[in-house]
Amino acid sequence: MSDIEQFLNAPPIDLSLDDIRAALDREPYAQQIHNPDEKMFPSGYDLNYRSAAVLIPIWKEPENGELYVLLTQRALHMRNHPGQIAFPGGKHDPDDASIQYTALRETLEEVGLSPDCFDLLGELGEYCTISGYCIKPIVAEMTRRSELSLCEEEVKSVHWVPLRYLLTPQNYRFKKKVLDTTSRGYFEIDYEDIRIWGVTAGILYGLYQTLARHIR
């Protein structure tokens, strides 16, 4: 059974914020997230990569203790990936003090949540893309639910998705398509009226793999 098949048949996991912090403390941040497309199309990933970061904001609903992940929908007029579901984030600026700062700065710019809204829980390994970025996912607890202020130039809308839904492999599909005679592959997840796919779904796959190792 392939790694992808094993993942799609794996059990759901449901962890607390403390469990997530402990899992991320245990895992080496240098371990790159496996991108199945890179194995299918290795020549497309022979690139000089640039650094980027995203924030995975997790909010604990006080009434029922449910954990939710904040995702954005990119503005429809954007040149790259218009309308796609994404984490807040962007490329690392040379003036950024750290890659964690990059993720927090971009989150402030995109949805208006300041760094003091978050308690950093840890990091995942980098996820490298065919567009030439190695993305560092930063996982953070959202400690207060401030009012969002969306940057209309970059963000069309935001969506709160239950973390337990995103940590249920049965909600994923692995899709293949042929582009210019080359087979390509990516994960996708449907939730209500949104479709999460590509890099965002790949990073969520990496989050599951990292957290699952904590409970084995």
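Cysteine 117 is buried, at a relative accessible area of 1%; buried here means under 20% relative accessible area, exposed means over 50%, and partly exposed is in between, with a 1.4 Å probe and protein chains only. Before I go on: this is a predicted model, so local features need pLDDT of at least 70 and side-chain atom pairs count only at pLDDT 80 or more, while totals for chains, interfaces and linings use all residues. Residues are numbered from 1 along each chain as its sequence is written, and side-chain values use heavy atoms, with hydrogens and water left out.

Cysteine 151 itself counts as partly exposed, at 21% relative accessibility.

The structure does hold 1 disulfide, the term being used for a pair of cysteine sulfur atoms within 2.5 Å. The partners are cysteine 128 and cysteine 134, with sulfur atoms 2.1 Å apart. The torsion about their S-S bond is about 85°, so the disulfide is right-handed. Cysteine 128 and cysteine 134 are both buried.

Next, strand β7. Helices (H or I, at least four residues) and strands (E, at least two) are DSSP runs, numbered from the N terminus.

Which strands pair with β7? Two strands pair if DSSP finds at least two bridges between them. Strand β1, residues 50–60, pairs with β7 in the parallel sense over 10 bridges. Strand β5, residues 118–123, pairs with β7 in the antiparallel sense over 5 bridges. Strand β6, residues 127–128, is also antiparallel to β7, over 2 bridges.

Isoleucine 56 has valine 139 as its bridge partner, and glycine 122 stands opposite valine 139. Elsewhere in β7, isoleucine 135 has tyrosine 127 opposite. The hairpin of β6 and β7 has 4 residues between the strands, and glycine 132 takes a positive phi there, near 95°.

Two arginines sit over rings. The criterion is NZ of Lys or CZ of Arg within 6 Å of the ring centre and within 35 degrees of the ring normal. Arginine 50 lies over the face of tyrosine 133, 4.3 Å from the ring centre. Arginine 145 lies over the face of tryptophan 160, at 4.1 Å from the ring centre.

Last, the aromatic pairs. Rings of Phe, Tyr and Trp (its six-membered ring) pair if their centres lie within 6.5 Å; planes under 30 degrees apart count as stacked, over 60 as edge-to-face and the rest as tilted. The structure holds 9 such pairs. One of them is phenylalanine 7 with phenylalanine 187, edge-to-face, at 5.5 Å centre to centre and 80° between the planes. This pair links distant parts of the chain, 180 residues apart: phenylalanine 7 is in helix α1, residues 3–8, and phenylalanine 187 is in strand β10, residues 182–191. Phenylalanine 7 and phenylalanine 187 are both buried.

Phenylalanine 187 also pairs with tyrosine 172: the ring centres are 6.2 Å apart and the planes at 85°, so this pair is edge-to-face. Tyrosine 172 lies in strand β9, residues 172–179, and is 15 residues from phenylalanine 187. Tyrosine 172 is buried. Ring pairs link Phe7, Tyr172, Phe174, Phe187, Tyr205 and Tyr208 into a cluster.
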